[in-house]
Amino acid sequence: MEKLLPLTNFGQSRQGATRAKLCIHPEIMDILFKNKEKIYRNLIDLKGTFLLDHIAIQIIDPAKRLVIFSINPSVEYNLIIQNLWQQDKSFDPCFQLQNNFYLWHQGYSEKYLDQLKYLKEKKHGFTLGFNLSKSVNNFIITYSYATRSANTDLLDFY
C-alpha cells in the first residue's frame, strides 16, 4: 500500500462539511525533480513571454491525491520537507474550489505567514505569486505562477 502524506489543519469548509484529507503522491520528490526538464521545455515559451519565473501545475485527483509538476521544484520541495505545505491553502482542495484566482499570500496560514512567504517567495526572489484553479471532471488543477519582475503593475497585466 502507498504511503501518503496527509493534509490537515484546514478545518471546515464554508458549508460546514469536514474536508477530505489530501495526500501527497508517495513519489512526489522523484516526480518534482525527474520531470523538471520536460516541464521546463514545454513551458519555456510562457516563461519569457509573460515575465514569469515560476510555473507549476498541481493536480488533485478525485481520491484527493496530489501531484505537482514544476519548472522550479525547489519551491514545492522546501514546503514539503519542512511540513509547511499543510499551512498553505494552495494545497487545500476546498480552498481551490472556492477561489479561482488568488495571490499566493492569500492562502498562507496566518500563524506561518512569515515562514511561508520566505520559503515560497523571498528565497527565490519572487515579487509576485498567484494561482489559477479549475475543477475538471472531479480533478482540481491549479496553475501556479510567480515573477521576479520589479514592475508593480504586473498584477493588472495578469
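**Aromatic rings and a surface patch in a predicted model**

In this predicted model, a nonpolar patch on the surface is formed by Phe101, Leu132, Tyr143 and Leu155, which together have about 310 Å² of accessible area.

Student: Is Tyr143, which has a relative accessible area of 31%, buried, exposed or partly exposed?

Tutor: Tyr143 has its place in strand β7, which covers residues 139-147. Buried means under 20% relative accessible area and exposed means over 50%. With a relative accessible area of 31%, Tyr143 is therefore partly exposed.

Student: How many aromatic pairs are there, and what kind of pair do Phe33 and Tyr77 form?

Tutor: The count comes to 6 aromatic pairs. For Phe33 and Tyr77, the ring centres are 5.6 Å apart and there are 75° between the planes. Planes over 60 degrees apart count as edge-to-face, and the pair of Phe33 and Tyr77 is edge-to-face.

Student: How many residues apart in sequence are the parts that this pair ties together?

Tutor: Phe33 belongs to helix α1 (residues 28-34), whereas Tyr77 belongs to helix α3 (residues 73-81). The pair therefore ties together parts whose separation in sequence is 44 residues.

Student: What kind of pair do the rings of Phe130 and Tyr145 form?

Tutor: The ring centres of Phe130 and Tyr145 lie 5.3 Å apart, with the planes at 35°. Planes under 30 degrees apart count as stacked and over 60 as edge-to-face, so at 35° the pair of Phe130 and Tyr145 is tilted.

Student: Which residue forms one aromatic cluster with Phe130 and Tyr145?

Tutor: Phe130 is buried, with a relative accessible area of 5%, and Tyr145, at 13%, counts as buried too. The residue that forms one aromatic cluster with Phe130 and Tyr145 is Phe101.

Conventions: Residues are numbered from 1 along each chain as its sequence is written. This is a predicted model: local features need pLDDT of at least 70, side-chain atom pairs count only at pLDDT 80 or more; totals for chains, interfaces and linings use all residues. Side-chain values use heavy atoms; hydrogens and water are left out. Patches are made of residues with over 30% relative accessible area and no salt bridge: like charges are joined within 9 Å, nonpolar side chains (Val, Leu, Ile, Met, Phe, Trp, Tyr) within 5 Å. Accessible areas come from the Shrake-Rupley method with a 1.4 Å probe; for residues, only the protein chains shown count as cover. A salt bridge is a side-chain nitrogen of Lys or Arg within 4 Å of a carboxyl oxygen of Asp or Glu. Helices (H or I, at least four residues) and strands (E, at least two) are DSSP runs, numbered from the N terminus. Buried means under 20% relative accessible area, exposed over 50%, partly exposed in between (1.4 Å probe, protein chains only). Rings of Phe, Tyr and Trp (its six-membered ring) pair if their centres lie within 6.5 Å; planes under 30 degrees apart count as stacked, over 60 as edge-to-face and the rest as tilted.
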